[in-house]
Amino acid sequence: PYAFSPEYFAMQPRLHEHLREMRKACFADRDCMCVGEATFATAENAASLVGDGQELDMIFQFDLMDVDGGESKWDLQAFDLIKFKEIVARWQKTLDWNTLFWGNHDQPRAVSRFGCTENEELRVRSSKCLAAAMYLLRGTPFIYQGEELGMTNFPFEREEQLRDVESLNLLHQSTDKAWAWHGIQTKGRDNARTPMQWSAGENAGFSSAEPWIAVNPNYPEINAEAESRDENSVLHFYRGLIRLRNSAPALRGGSFTMLYPEHKQLFAYKRSGEGETYTVVCNLSRAKCAAPELCGEIVLQNCEFTDTLPPYGAAVTNVTPNHLNWHKDMDEYIRAKENIFLHPGCGRLVLNYGCDATREMAPLVDMPVSWFSAKTMPEQRRQDDVLYYLENGFIMRRAGETVKEVLDISKIKV
């Protein structure tokens, strides 16, 4: 037995002095970055570690790693999406730049913990969903080895398979062996320490010698070599996500806004910056749910869907104004007045406030004509008491005081 007393060793008065000394001696005048494993960092004290750049550049904070624990890590709790969203929103607000991670060498495999491994389809889809949910947030992604393949927990059954002293102690000290084994299989650290699965060859291609801990028996199916050849694999999805993030200023350094904070299945957010806006929508649950109205062009998705998102379905859309192309045959838009656009393809009025992108959509048909500014649509023609506004190759037809159509001008003879 031991006494866990962080009040005597964590965040002590001279911590900042020592960190500044380390920074000066080790990192000054070098093009490098220092990230700290700040187990006891909180939203209240985290800025003191990274705020002025004289101590650490980033920190790993562990609120998320405790999201499914009770009095201890072995007191297993169901994943609480609302709690998860509160944690994400709090840290996105607390620090200008965060570390983004689902796991590490001390945590179970991400897809087994936060996704679903009941069947192969769900393992693949939920692995991709977790990637979209986490690694398009504001911050630096830290992807733990094997996560990009969707590697899973090991099916531990015997004590001799274990290596971690924490798990061995739990097994020896607990009077409820079934409870202890469930905890080890679910959250034991050895799950993340099995060898990287490179191929279907001997020892998963990790080594020609026997590794220190057994290779997960699913390595013949889940390995980097096989996934490199499969365009629908988790690995290919990660590569596409990384390309998207690197190519989009809004995803690299834009602002973060949580969407649907009280929704019990959807984890969704918006990233905006440099005139771009992207939305990320993920169904982080094992049940299907109604898909929100997705504005813009879908640039990344892990499944096909229409009105319903399947379990762990995910999509990323570019809702920057020049990507508003909901209608398959007509992706143009016309400006009604400053930062407000008509989208004729979907028959909607899109309210867009600067680079903050799509805020809301209203039906275009039957909208009062008085709402529009004639100043920005100066050319008008009248035929049979119907007024046409001409703008950017499209026309808006009014009858009485309401809008009736917005059509391609080439199709209307005025």
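Here is a chat about how the labels on this predicted model follow from their cut-offs.

Reader: What should I know about the model before we start?

Author: It's a predicted model, with local features needing pLDDT of at least 70 and side-chain atom pairs counting only at pLDDT 80 or more, while totals for chains, interfaces and linings use all residues. Residues are numbered from 1 along each chain as its sequence is written, and side-chain values use heavy atoms, with hydrogens and water left out.

Reader: How many helices and strands are there, and what makes a run count as one?

Author: The protein has 10 helices and 19 strands.

Reader: Why is the Phe9 and Phe40 pair called edge-to-face?

Author: Rings of Phe, Tyr and Trp (its six-membered ring) pair if their centres lie within 6.5 Å; planes under 30 degrees apart are stacked, over 60 edge-to-face, and the rest tilted. The centres of Phe9 and Phe40 are 5.7 Å apart and their planes sit at 80°, so edge-to-face it is. The structure holds 13 aromatic pairs.

Reader: What makes this pair a link between distant parts of the chain?

Author: Phe9 is in the segment before α1 (15-27) and Phe40 in the loop between β1 (35-37) and α2 (47-50), 31 residues apart.

Reader: Why does Phe40 count as partly exposed?

Author: Buried means under 20% relative accessible area, exposed means over 50%, and partly exposed is in between (1.4 Å probe, protein chains only). Phe40 comes out at 31%, so partly exposed is the label. Tyr8, in the segment before α1, has 65% and is therefore exposed.

Reader: Which residues form the nonpolar surface patch, and what makes it a patch?

Author: Phe4, Tyr8, Phe9, Met11 and Phe40 form it, with about 560 Å² of accessible area together. The areas come from the Shrake-Rupley method with a 1.4 Å probe, and for residues only the protein chains shown count as cover.

Reader: Which residues does Pro6 contact, neighbours within four places aside?

Author: Gln12 and Phe40, where contact means heavy atoms within 4.5 Å. Pro6 and Phe40 are 34 residues apart in sequence, with 8.2 Å between their C-alpha atoms.

Reader: Back to rings: how do you know how Phe60 and Phe142 are arranged?

Author: Their centres are 4.8 Å apart with 70° between the planes, which makes the pair edge-to-face. Phe60 lies in strand β2 (residues 58-60) and Phe142 in the loop between β4 (139-141) and α6 (165-173), so the pair ties together parts 82 residues apart in sequence.

Reader: What makes Lys73 sit over the face of Trp74?

Author: A charge sits over a ring if NZ of Lys or CZ of Arg is within 6 Å of the ring centre and within 35 degrees of the ring normal. Lys73 is at 4.8 Å from the ring centre of Trp74 and lies over its face. Lys73 also belongs to a network of salt bridges with Asp106, Asp164, Glu166, Arg189 and Arg193.

Reader: What about Glu120 and Arg123?

Author: Their side chains meet in a salt bridge at 2.7 Å, N to O. Being 3 residues apart in helix α5 (residues 120-135), they are separated by about one helical turn. Glu120 is partly exposed at 45%, and Arg123 is buried at 5%.

Terms used. Helices (H or I, at least four residues) and strands (E, at least two) are DSSP runs, numbered from the N terminus. Patches are made of residues with over 30% relative accessible area and no salt bridge: like charges are joined within 9 Å, nonpolar side chains (Val, Leu, Ile, Met, Phe, Trp, Tyr) within 5 Å. A salt bridge is a side-chain nitrogen of Lys or Arg within 4 Å of a carboxyl oxygen of Asp or Glu.
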